[in-house]
Amino acid sequence: MCDYSLHTAKSRPAKVGDRLVTRNFNTGTRGFAAPEDARTAVCVLPGTELAFEKEVRSARIGLFGLKMKTIEHTTAIFRQINKNEPRTHHDALEFPDGQIVLLTALREGQEATVLQLPARPSTLREFEDQRRAVFTG
């Protein structure tokens, strides 16, 4: 399952070695898709490690319009944030310096590879950490 705003999109789970590209799904969010099938969202579990082809670029709307930012890292761990808030984006990336950026803020067309999926949870705490936020509106 992907972020709630991608519930209407066709989706599949990520696998180790998958090549992904950031894509605007025209649902109010961005997510990952496989380059060969841009219409299918690739859903990533919290704790999944990703390597980007280049430094990551994000955009945010500021007082004077859209502002681009380069994140000087090429690896990140997929996280879900604000899980208890129903009407907000949850999918995010945590970079080695601790910076967390919403996936929907990434520029479209950036390529990443799935390096490692999270281990299967063995405790209730690990299960809760990997459980995706489920809100359908």
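The model is a predicted one, so everything here is read off computed coordinates.

Start with the overall layout. Nine strands make up an open sheet with mixed pairing, in the order E1-E4-E3-E2-E11-E5-E8-E9-E10. At the edges sit strand E1 (11-13) and strand E10 (100-102), each of which pairs on one side only. On average, and with direction ignored, neighbouring strands of this sheet are turned by 45 degrees against each other.

As background, strands in a sheet pair through backbone hydrogen bonds, and they can do this parallel or antiparallel. Strand E11 (residues 111-116) is a handy place to look at the pairing in detail. With strand E2 (residues 19-24), E11 pairs in the antiparallel sense over three bridges. Strand E5 (residues 49-52) also pairs with E11 in the antiparallel sense, here over four bridges. Thr113 in E11 turns up in both pairings: Arg19 stands opposite Thr113, and Ala51 stands opposite Thr113 too. Elsewhere in the sheet, strand E3 (residues 30-34) and strand E4 (residues 37-43) run antiparallel and are joined by two bridges. Ala33 has Ala41 in E4 as its bridge partner.

Next comes the packing. In soluble globular proteins, nonpolar side chains tend to be buried together. Here, the largest nonpolar core has 20 residues, and those with the most contacts inside it are Leu20, Phe32, Leu50, Phe52, Leu93, Phe95 and Leu106. E3, E5, strand E8 (75-80) and E11 are the elements that give two or more residues to this core. What does Leu20 touch, not counting residues up to four places away in sequence? Its list runs to Phe32, Ala33, Pro35, Val42, Val44, Leu50, Gln110, Glu111, Ala112 and Val114.

Is Ser58 buried or exposed? Ser58, found in strand E6 (residues 56-62), counts as buried because its relative accessible area is 7%, against a cut-off of under 20%. Leaving aside neighbours within four places in sequence, Ser58 is in contact with Lys67, Met68, Lys69, Ile71, Val101, Ala105, Leu106 and Arg107. Leu106 in that list is also one of the core residues with the most contacts.

Finally, the rings. The count of aromatic pairs comes to zero.

How values were computed: Residues are numbered from 1 along each chain as its sequence is written. This is a predicted model: local features need pLDDT of at least 70, side-chain atom pairs count only at pLDDT 80 or more; totals for chains, interfaces and linings use all residues. Side-chain values use heavy atoms; hydrogens and water are left out. Two strands pair if DSSP finds at least two bridges between them. Axes are lines fitted to C-alpha atoms, for helices over the stretch in contact, and angles run from 0 to 180 degrees between N-to-C directions. Rings of Phe, Tyr and Trp (its six-membered ring) pair if their centres lie within 6.5 Å; planes under 30 degrees apart count as stacked, over 60 as edge-to-face and the rest as tilted. Buried means under 20% relative accessible area, exposed over 50%, partly exposed in between (1.4 Å probe, protein chains only). Contact means heavy atoms within 4.5 Å. A nonpolar core is a set of buried Ala, Val, Leu, Ile, Met, Phe, Trp, Tyr and Cys residues joined through side-chain atoms within 4.5 Å.
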